[in-house]
Amino acid sequence: MTKIDIFSGFLGAGKTTLIRKLIAEGYQGEKLVLIENEFGEIAIDGGFLKDAGVEINEMNSGCICCTLVGDFTKALKKVMEDFAPDRILIEPSGVGKLSDVAKAVERVEGAHIGAKVTVVDAGKAKMYMRNFGEFFNDQVENADLIVLSRTDSANSAKVLTAAELLKGLNDHAGLITTPWDQIDGSLIRAAMDENGLKAEMEKLKEEQEHHHHHHDDEDEEHEHHHHEDGEECDDPECECHHHHHDDEDEEHEHHHHHHEDGEECDDPACECHHHHDHDHEHDHDHHHHHHADEVFASWGMETPRKFTEDQLRDILGQLSDAVQYGIVLRAKGILDASDGEWLYFDYVPGEMEIRRGAPAVTGRFCVIGSHIREDALKELFAGE
């Protein structure tokens, strides 16, 4: 049985950083394999973890929660067979649904989910919940452990608000709010094991209760009707049988739509059906079933252009202009610096990080968001 930890989290929450910390401080001595799924055309993160001795299986052609579920299952089986790891770490796309990823893992024989961890940016939880709740909420609701990131830089009121909102979505999960540089990875790992085990026990308990209820229902279903004198009723003409059929008819009637003239509507093109569908599309109580690629888009390119740090900072600063570039939720890349070094960058709304790193074969970057304008972005990064 191969233990599998899943690290979910919305775009730019800090999943890769948390995984790196756990590899260094929490998973020592274990043979690990990391399966990454980038939502985007160009892989950026892959090289960051190779120096930690982790095998990386990058899948960049789609989103793990939708188009890659079939391929993902095969990839997971192959990793288990080829590497025989002690543990597999899965880092789904930031716009993947944790529920879908977990279901895909559960279908693989010999795979056992250890913990489902969701990383949440403390300063952006409320905004993402409001604007992208279908994806963000799913990641929170299905977590065993929620780890808040950037609690050292977000103001305390935002951290408290985030904690309350997250507990409102999932009060069963554990919650870590301590800044990561103040806590050892072994403590996070212990919380993962503890909360993963607790979730597993709760699931087993629910399955047992469901099993008992199922048998109780079967027994009740096979009970015969008795009159007040205690005698069993076998008379098909008895009034008790008519009540039973009347109830069935009434129940059946409630499942059909009727027009004002009382006539039942069976026309799928009728406007009444469209109103029904429309209502469900705008119902925020878990009736959304969009794929990530219906809501989000990614665009990236390779470029030999050299950038100064000031030029790159200016470009990233302009990404907040939603009218010009669309809603940019994440940008990351590796670019050739004009001084002979290379610039590694990460961007999420209101925050950017630029650092120096080793040369790459060529410059490349990726932008992820909603309604993004590729032509305008290309012009921005090309410096035209």
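Helix H5, residues 133–141, is mostly covered, with eight of its nine residues buried. The model is predicted. The protein chain holds 13 helices and 13 strands, and buried residues account for 45% of its 384 residues.

**The chain as a whole**

- The protein chain exposes about 21,200 Å², and carbon and sulfur atoms supply 47% of that area.
- Among contacts between residues at least 6 apart in sequence, 73% join residues at least 24 apart.

**Helix H5 and the aromatic residues**

- The buried residues of H5 are Gly 133, Glu 134, Phe 135, Phe 136, Asn 137, Asp 138, Gln 139 and Val 140.
- Two of these, Phe 135 and Phe 136, belong to one aromatic cluster together with Phe 10, Tyr 128, Phe 132 and Phe 296.
- The whole structure has nine aromatic pairs. One of them joins Phe 10 and Phe 136 edge-to-face, at 6.3 Å centre to centre and with 75 degrees between the planes.
- Phe 10 sits in the loop between strand S1 (2–9) and helix H1 (15–25), while Phe 136 is in helix H5, so this pair ties together parts that are 126 residues apart in sequence.
- Phe 10 is buried at a relative accessible area of 2%, and Phe 136 is buried at 3%.
- Phe 135 and Phe 296 form another edge-to-face pair, with 5.1 Å between centres and 70 degrees between planes.
- Here the link runs from helix H5, which holds Phe 135, to the loop between helix H10 (292–295) and strand S8 (297–303), which holds Phe 296; the pair therefore ties together parts 161 residues apart in sequence.
- Phe 135 has a relative accessible area of 1% and is buried; Phe 296 is buried as well, at 3%.

**Nonpolar cores**

- In soluble globular proteins, nonpolar side chains tend to be buried together.
- The largest nonpolar core has 42 residues, and those touching the most other members are Ile 6, Phe 10, Leu 76, Ile 88, Ile 90, Val 105 and Phe 136.
- Helix H3 (residues 98–106) gives the most to this core, with five residues.
- Another core lies apart from it and has 22 residues, including Leu 316, Val 328, Phe 345 and Tyr 347.
- Beyond its neighbours within four places in sequence, Phe 10 is in contact with several residues, among them Lys 15, Gly 94, Val 95, Val 119, Gln 139 and Leu 329.

**Salt bridges**

- Side chains of opposite charge can pair when their charged atoms come close. The count of salt bridges in this model is 20.
- Lys 78 and Asp 82 form a salt bridge at 2.8 Å, N to O. They are four residues apart in helix H2 (residues 69–83), which means about one helical turn separates them. Asp 82 is partly exposed, at 46% relative accessibility.
- Asp 193 and Arg 189 form a salt bridge at 3.4 Å, N to O. This pair is also four residues apart, in helix H7 (residues 185–221), and is separated by about one helical turn.
- Asp 193 is partly exposed at 34% relative accessibility, whereas Arg 189 is buried at 14%.
- Asp 193 and Arg 189 are also part of a network of salt bridges that links them with Asp 5, Glu 30 and Arg 87.
- Asp 346 and Arg 330 form a salt bridge whose closest N and O atoms are 2.4 Å apart. Asp 346 lies in strand S11 (residues 342–348) and Arg 330 in strand S10 (residues 327–337), so the pair ties together parts that are 16 residues apart in sequence. Both residues are buried.

**Asp 121**

- Asp 121 is in strand S5 (residues 111–121) and is buried, at 6% relative accessibility.
- Its side chain makes a polar contact of 2.9 Å with the side chain of Arg 150.
- Not counting residues up to four places away in sequence, Asp 121 touches Ala 13, Ser 149 and Arg 150.

**Ser 320**

- Ser 320 is in the loop between helix H11 (309–318) and helix H12 (322–325), and it is exposed, with a relative accessible area of 55%.
- A polar atom of the Ser 320 side chain lies 3.3 Å from the backbone oxygen of Gly 317.
- Ser 320 and Pro 349 are 29 residues apart in sequence, and their C-alpha atoms are 6.5 Å apart in space.

Conventions: Residues are numbered from 1 along each chain as its sequence is written. This is a predicted model: local features need pLDDT of at least 70, side-chain atom pairs count only at pLDDT 80 or more; totals for chains, interfaces and linings use all residues. Side-chain values use heavy atoms; hydrogens and water are left out. Helices (H or I, at least four residues) and strands (E, at least two) are DSSP runs, numbered from the N terminus. Buried means under 20% relative accessible area, exposed over 50%, partly exposed in between (1.4 Å probe, protein chains only). A polar contact is a pair of N or O atoms within 3.5 Å; within protein, one must be able to donate a hydrogen and the other to accept it, and residues adjacent in sequence count only if both atoms are side-chain atoms. A salt bridge is a side-chain nitrogen of Lys or Arg within 4 Å of a carboxyl oxygen of Asp or Glu. A nonpolar core is a set of buried Ala, Val, Leu, Ile, Met, Phe, Trp, Tyr and Cys residues joined through side-chain atoms within 4.5 Å. Contact means heavy atoms within 4.5 Å. Accessible areas come from the Shrake-Rupley method with a 1.4 Å probe; for residues, only the protein chains shown count as cover. Rings of Phe, Tyr and Trp (its six-membered ring) pair if their centres lie within 6.5 Å; planes under 30 degrees apart count as stacked, over 60 as edge-to-face and the rest as tilted.
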